[in-house]
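Q: Please take a close look at one part of this structure and describe it for a reader who is new to it.

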Amino acid sequence: MATISEKTEDRSMYDQREKALRDHEWRLAAAREEGEKIGEARGVVLGRIQILQSILSMTVSSEAALRDATTEQLIEIEADLQRIARARGQA
(Lines give C-alpha, C1' and ligand atoms only; values in the text may rest on other atoms or scores of the structure.)
Protein backbone atom coordinates (compact mmCIF):
# COMPACT_ATOMS: atom_id res chain seq x y z
CA MET A 1 0.00 0.00 0.00
CA ALA A 2 1.37 3.42 -0.99
CA THR A 3 2.15 5.88 1.73
CA ILE A 4 0.59 9.32 1.87
CA SER A 5 3.90 10.94 0.88
CA GLU A 6 4.16 8.73 -2.23
CA LYS A 7 0.62 9.64 -3.26
CA THR A 8 1.35 13.32 -2.70
CA GLU A 9 4.54 13.10 -4.77
CA ASP A 10 2.71 11.28 -7.58
CA ARG A 11 -0.04 13.89 -7.53
CA SER A 12 2.52 16.71 -7.62
CA MET A 13 4.30 15.14 -10.61
CA TYR A 14 0.95 14.71 -12.39
CA ASP A 15 -0.03 18.33 -11.71
CA GLN A 16 3.35 19.58 -12.97
CA ARG A 17 2.98 17.56 -16.16
CA GLU A 18 -0.55 18.85 -16.74
CA LYS A 19 0.62 22.43 -16.20
CA ALA A 20 3.50 21.92 -18.66
CA LEU A 21 1.04 20.58 -21.26
CA ARG A 22 -1.33 23.53 -20.76
CA ASP A 23 1.58 25.99 -21.01
CA HIS A 24 2.75 24.31 -24.22
CA GLU A 25 -0.73 24.48 -25.75
CA TRP A 26 -1.00 28.16 -24.78
CA ARG A 27 2.36 28.96 -26.43
CA LEU A 28 1.32 27.11 -29.59
CA ALA A 29 -1.98 28.99 -29.75
CA ALA A 30 -0.20 32.33 -29.23
CA ALA A 31 2.34 31.51 -31.96
CA ARG A 32 -0.44 30.46 -34.33
CA GLU A 33 -2.34 33.70 -33.68
CA GLU A 34 0.81 35.77 -34.25
CA GLY A 35 1.47 33.89 -37.50
CA GLU A 36 -2.06 34.59 -38.69
CA LYS A 37 -1.65 38.30 -37.95
CA ILE A 38 1.63 38.41 -39.86
CA GLY A 39 0.03 36.57 -42.77
CA GLU A 40 -2.88 39.00 -42.86
CA ALA A 41 -0.51 41.99 -42.74
CA ARG A 42 1.57 40.53 -45.60
CA GLY A 43 -1.61 40.03 -47.61
CA VAL A 44 -2.65 43.65 -47.09
CA VAL A 45 0.77 44.95 -48.15
CA LEU A 46 0.81 42.62 -51.15
CA GLY A 47 -2.61 43.92 -52.20
CA ARG A 48 -1.47 47.53 -51.90
CA ILE A 49 1.61 46.74 -54.01
CA GLN A 50 -0.58 45.27 -56.73
CA ILE A 51 -2.97 48.25 -56.64
CA LEU A 52 -0.10 50.74 -56.86
CA GLN A 53 1.44 48.83 -59.76
CA SER A 54 -1.90 48.88 -61.56
CA ILE A 55 -2.42 52.61 -60.93
CA LEU A 56 1.11 53.28 -62.19
CA SER A 57 0.44 51.19 -65.34
CA MET A 58 3.16 48.76 -64.34
CA THR A 59 3.12 45.01 -64.70
CA VAL A 60 1.21 43.74 -61.68
CA SER A 61 3.21 41.19 -59.71
CA SER A 62 1.49 37.92 -58.96
CA GLU A 63 1.24 36.65 -55.40
CA ALA A 64 3.58 33.83 -56.41
CA ALA A 65 6.18 36.33 -57.59
CA LEU A 66 6.11 38.13 -54.23
CA ARG A 67 5.72 35.06 -52.01
CA ASP A 68 9.42 34.65 -51.22
CA ALA A 69 9.93 38.30 -50.29
CA THR A 70 10.23 39.09 -46.60
CA THR A 71 7.68 41.36 -44.99
CA GLU A 72 10.35 44.06 -44.80
CA GLN A 73 11.06 43.71 -48.52
CA LEU A 74 7.36 43.99 -49.33
CA ILE A 75 7.09 47.14 -47.22
CA GLU A 76 10.09 48.60 -49.05
CA ILE A 77 8.56 47.75 -52.44
CA GLU A 78 5.35 49.46 -51.39
CA ALA A 79 7.27 52.54 -50.20
CA ASP A 80 9.15 52.72 -53.52
CA LEU A 81 5.88 52.54 -55.45
CA GLN A 82 4.37 55.26 -53.27
CA ARG A 83 7.40 57.48 -53.97
CA ILE A 84 6.97 56.89 -57.72
CA ALA A 85 3.27 57.72 -57.47
CA ARG A 86 3.99 60.94 -55.57
CA ALA A 87 6.69 61.95 -58.06
CA ARG A 88 4.33 61.40 -60.98
CA GLY A 89 1.66 63.41 -59.25
CA GLN A 90 4.02 66.35 -58.79
CA ALA A 91 5.33 66.33 -62.38
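**A residue and its surroundings**

A: Gln53 is placed in helix H1, which covers residues 4-55. The model described here is a predicted one. With a relative accessibility of 8%, Gln53 counts as buried, because buried means a relative accessible area under 20%. When residues up to four places away in sequence are not counted, Gln53 touches Met58, Thr59, Val60, Ser61 and Leu81.

Leu81, one of the residues that Gln53 touches, also belongs to the largest nonpolar core. This core has nine residues, namely Val45, Leu46, Ile49, Leu52, Leu56, Leu66, Ala69, Leu74 and Leu81. At least two residues of the core are supplied by H1, and at least two by helix H3 (71-90). The most is given by H1, with four residues. In soluble globular proteins, nonpolar side chains tend to be buried together.

Leu52, a further member of the core, is in contact with Glu78, Leu81 and Gln82 once its neighbours within four places in sequence are left aside.

A contrasting position is Asp68, found in the loop between helix H2 (63-66) and H3. Asp68 has a relative accessible area of 73% and is therefore exposed, the cut-off for exposed being over 50%. From C-alpha to C-alpha, Asp68 and Glu40 lie 15 Å apart in space, and they are 28 residues apart in sequence.

Definitions and conventions. Residues numbered from 1 in each chain as written. Predicted model: local features only at pLDDT ≥ 70, side-chain atom pairs only at ≥ 80, totals over all residues. Heavy atoms only, no water. Buried < 20%, exposed > 50% of the residue type's maximum accessible area, 1.4 Å probe, protein only. Contact = heavy atoms within 4.5 Å. Core = buried A, V, L, I, M, F, W, Y, C linked by side-chain atoms within 4.5 Å.
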